[in-house]
2 protein chains.
Amino acid sequence: MATQTVIRDPEATRNKIVCAAFAEFYRQGFQGGSLARIVEGAGVTKGALFHHFSGKEALGYAVLDEVIGPLLQQRWLASLIGSPDPIGAMQQAFRKFIRTDIDSGHFALGCPLNNLAQEMSPLDPSFRGRIDSLYLAWREGIALALADGMAQGTVRVDVSPQSAAAFIVAAQMGIWGTGKFSQDGALMMQAGEAICDYLETLRA
Amino acid sequence: MATQTVIRDPEATRNKIVCAAFAEFYRQGFQGGSLARIVEGAGVTKGALFHHFSGKEALGYAVLDEVIGPLLQQRWLASLIGSPDPIGAMQQAFRKFIRTDIDSGHFALGCPLNNLAQEMSPLDPSFRGRIDSLYLAWREGIALALADGMAQGTVRVDVSPQSAAAFIVAAQMGIWGTGKFSQDGALMMQAGEAICDYLETLRA
DNA sequence: GATCACATACCGACCGTTCGGTATGTTGAT
DNA sequence: ATCAACATACCGAACGGTCGGTATGTGATC
């Protein structure tokens, strides 16, 4: 008889928990998300979860730091860094990710970061702080890219990079929020085209 | 002898419950909102609540229909109907209500309609339908006002009223969402000035 | 054999909901 | 005008279920 050794891989276990938690919180929200469903989705037990995390809050922080933060970085910031045409890059990003999320159906669940931001900011200062840092980095990335564009002559010099960045991020929140509540991809694309029009008005 | 104060006033009781529910759901969300806190806030008991409403869901629907709907109407639609300058009216509305909500502190709790939309749309089709109707009326009101503005020569004729309306409503969601997660009134005002700039680009 | 990495069993709290009961109107026959 | 018969309005204790969290057991690893 084969002696089946149970393979123990703490890092992989932790990772499975974080991924399952991301999926659960994305669909059900943080408060509505159930630890029982998370451990079920991860194929582990509560013992494993509480071995790796001190509680539900710590798990939520890990989701923000280890999943949502990197996702934001690669989706919205990577293509902006050092781009000669930040306006075109943002238009491309909006069109691309609206299309991507509609095709995958994820648009009906909204933006993971925005979901947590709206739910948890008034309730938990630690959540709010982490979320604030992520949105701040997002705005700063856009503002920096716009300022660079001004220096390179691709962006009008009479716009405020900070104000425009605040608005662009707010618009992203609103567009993904529109897709979520309406579950109407065409409506989301309409709003997406309108922000591309707005971005066009920022060109030099 | 003085007539004894009316002990039983079903309409007033129902009203107190709906108002308390609005406040509770606004602060805690629908799922996070507690019926115990609602009856406490209304100064009644659970018996009264379940006499007037079949359950938590029905109470949520009443809040949408009887509080949030009228609020939307008076805040955003009333000033648009038949306005000769819809763009100016919307700019005024954004500046006025951003100021109002910052002064009252309500901005930190976001937009009541958007809060419910983001939380409940993926979970409850009945909620989603009601919310969808409200946002649809909002978009249609804006689109109609823009079309009127085109006929009167105050709005550029090469913009799509539907697309612009979808974007303006999305921007409202994003701006109030920004105020909520950041709890930073100045940031919210920055975004508000940027949408006023965008609205300006729609002028004929 | 000590420690790590889990699994299992279970706890108390809180939730929305139910329900038996009571107090207050309302109606209509006498 | 009175009073039984009924409906409405409201109370508050209790229920079943789910929740996050914990205490303890067990096998793998070093």
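## Terms and model

Helices (H or I, at least four residues) and strands (E, at least two) are DSSP runs, numbered from the N terminus. This is a predicted model, in which local features need pLDDT of at least 70 and side-chain atom pairs count only at pLDDT 80 or more, while totals for chains, interfaces and linings use all residues. Residues are numbered from 1 along each chain as its sequence is written, and chains are lettered from A and ligands numbered from 1 in the order in which they are written.

## Chain A

Chain A has nine helices and zero strands. Read from the N terminus, its elements run α-α-α-α-α-α-α-α-α. Its C-alpha atoms fill a box of roughly 75 × 40 × 35 Å, taken along the principal axes.

## Helices H7 and H8 of chain A

H7(A) covers residues 125-152 and H8(A) covers residues 161-182. Their axes come within 8 Å and cross at roughly 130 degrees. Axes here are lines fitted to C-alpha atoms, for helices over the stretch in contact, and angles run from 0 to 180 degrees between N-to-C directions. H7(A) and H8(A) are therefore oblique to each other. Angles under 35 degrees count as roughly parallel, over 145 as roughly antiparallel, 65 to 115 as roughly perpendicular and the rest as oblique.

Residues are in contact if their C-beta atoms, placed from the backbone, lie within 7 Å. H7(A) contributes A:Tyr135, A:Trp138, A:Arg139, A:Ile142, A:Ala143, A:Leu146 and A:Ala147 to the contact. H8(A) answers with residues including A:Pro161, A:Gln162, A:Ile168 and A:Val169. By class, this contact has 12 nonpolar, one polar and one charged residues. Ala, Val, Leu, Ile, Met, Phe, Trp, Tyr, Cys and Pro count as nonpolar, Asp, Glu, Lys and Arg as charged, and the others, Gly among them, as polar.

## How the two chains meet

In the interface, 41 residues of chain B are in contact with 41 residues of chain A. On chain B, the elements giving two or more residues are H6 (112-120), H7 (125-152), H8 (161-182) and H9 (185-200). H8(B) supplies the largest share, 16 residues. This side of chain B has 19 nonpolar, 17 polar and five charged residues. The copies meet through the same surface, because 100% of the interface residues of chain B are also interface residues in chain A.

## DNA strand C

A residue is near a strand if its C-beta atom, placed from the backbone, lies within 6 Å of it. Around DNA strand C there are 20 residues, and A:Thr13, A:Thr45, A:Gly47, A:Ala48 and B:Gly55 come nearest. Two or more residues each come from H1 (10-28) and H3 of chain A, and from H2 (35-42) and H3 of chain B. H3(A) gives the largest share, four residues. The surface divides into seven nonpolar, eight polar and five charged residues.

## DNA strand D

DNA strand D has 22 residues around it, with A:Gly55, A:Lys56, B:Pro10, B:Gly47 and B:Ala48 nearest. Two or more residues each come from H2 (35-42) and H3 (46-52) of chain A, and from H1 (10-28) and H3 (46-52) of chain B. Here H3(B) gives the largest share, four residues. The classes are seven nonpolar, nine polar and six charged.

Conventions. Contact = placed C-beta atoms within 7 Å.
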